[in-house]
Amino acid sequence: MQSLGLSPVVDKHHVTATSGQLYEYVRLLGKSHERHIPHCVKELSRKHLIILLRFLLDGDGDLQSENGWCYTTVSRRLADDVQEIAVKCGMAASVSLDPEGFYRVYISTTRTAQCNLSEDESEWVDYAGQVYCVEVPNSVVLVRQNGHAYFSGNSKGAGDQYVRDYHRIYGLRSVVMRQSCIYGYRQFGIEDQGWVAWFTIAALKGRPITIYGDGKQVRDVLFIKDLLDAYEASVQQIDHAAGRVYNIGGGPDNTMSVWAEFGPLLEELLGRPIPVTYSDWRPGDQPVYISDIRKAERELGWRPRVSVREGVTHLFEWIRDNQHLFDHL
């Protein structure tokens with residue numbers, strides 16, 4: 001404080017300083033449940049983020065073990081910010097809410113999650129949770145399923161990093177959009193890509209449909225018009241959005257299972273049952289994937305407007321009226 005030109009008064013439990021300018025700045029950080037760390041601070045270098053994290057832990061953190069800390073706050077937003085900073089510092093971090101209403105950010109400086117059970121004590125169970133978009137430093141996602149390892153997202157990760165580096169190095173005003181399941185007009189879906197359109201095309205054209213797994217895999221879907229609105233929002237706010245990364249998808253409000261829910265909706269539109277065959281799960285297929293779109297909502301003022309039923313109906317009607325375009329598929 002003295003280096004800032006302030007004259008702090010120190011007693012046994014408090015440090016007090018008077019500054020109107022400092023008050024106005026701190027006031028923007030929110031009170032109690034609304035406390036947060038500004039985006040500009042979270043974009044500082046790793047060196048400075050480590051310093052910030054150290055002081056955060058000195059204030060509201062508890063040393064849990066030689067390599068583990070727990071940061072406590074009543075603000076979910078602040079908990080998310082602290083978790084983000086810890087990850088950017090190369091550490092592993094998770095957030096949980098306890099029964100008393102406190103958010104706990106558990107931080108491991110070893111960078112990896114550890115299991116304290118021996119192999120004999122552990123038990124494999126089917127995963128039924130949610131998978132959210134995450135930033136992967138080396139652009140590679142390693143998925144393990146049925147005892148086998150699979151790599152996923154390498155080419156997308158490389159493109160993602162190139163776009164970000166062109167902004168960082170050359171100042172190109174670029175934005176990364178990490179998109180989930182996009183569907184809509186003029187989508188020539190095939191079995192391996194564009195599943196919403198593919199199932200619709202196959203149903204209308206009487207082609208065989210194969211469901212891999214149990215058909216209960218959940219995905220968030222986004223209609224093409226909403227995607228274009230997201231692009232437009234980023235262009236209109238390019239001075240703010242340049243160099244940033246946004247998850248763009250339907251989010252929690254626009255989800256459906258790939259056949260358990262989508263199948264009945266498609267049969268309703270078609271007016272008859274749709275025969276399908278089932279096959280084994282495909283390697284690396286995730287039971288649940290839902291995009292976390294809160295950052296785009298917060299910074300771009302964007303959110304999906306077209307519901308799943310409305311969007312699927314638009315797609316169905318367009319394919320029905322243009323079936324000749326799909327004769328070659």
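Me: Before we look, what makes two strands a pair?
Reply: Two strands pair if DSSP finds at least two bridges between them, and a strand is a DSSP run of E with at least two residues, numbered from the N terminus. This is a predicted model, where local features need pLDDT of at least 70. Residues are numbered from 1 along each chain as its sequence is written.

Me: How do you know that β3 and β4 are paired?
Reply: 4 bridges join β3 to β4 (residues 68–73), and the definition asks for at least two. So they count as a pair, running antiparallel. D62, for instance, stands opposite C70 in β4.

Me: What is the order of the strands in the open sheet?
Reply: β3-β4-β6-β5, 4 strands with antiparallel pairing.

Me: Why are β3 and β5 called edge strands?
Reply: β3 (61–65) and β5 (92–97) each pair on one side only.

Me: What makes F262 count as buried?
Reply: Buried means under 20% relative accessible area (1.4 Å probe, protein chains only). F262 is listed as buried in helix α9 (residues 262–270), along with G263, L265, L266 and L270, so F262 falls under that cut-off. A helix here is a DSSP run of H or I with at least four residues.

Me: How do you know that the buried residues of α9 line one face?
Reply: Seen down the axis, they fall within an arc of 165°, so they line one face of the helix. That arc is taken from the directions from the helix axis to the C-beta atoms.

Me: What do they pack against?
Reply: They pack against α6 (195–205), β14 (255–257) and α11 (308–321), with contact meaning heavy atoms within 4.5 Å.

Methods:
Predicted model: local features only at pLDDT ≥ 70, side-chain atom pairs only at ≥ 80, totals over all residues. Heavy atoms only, no water. Buried < 20%, exposed > 50% of the residue type's maximum accessible area, 1.4 Å probe, protein only.
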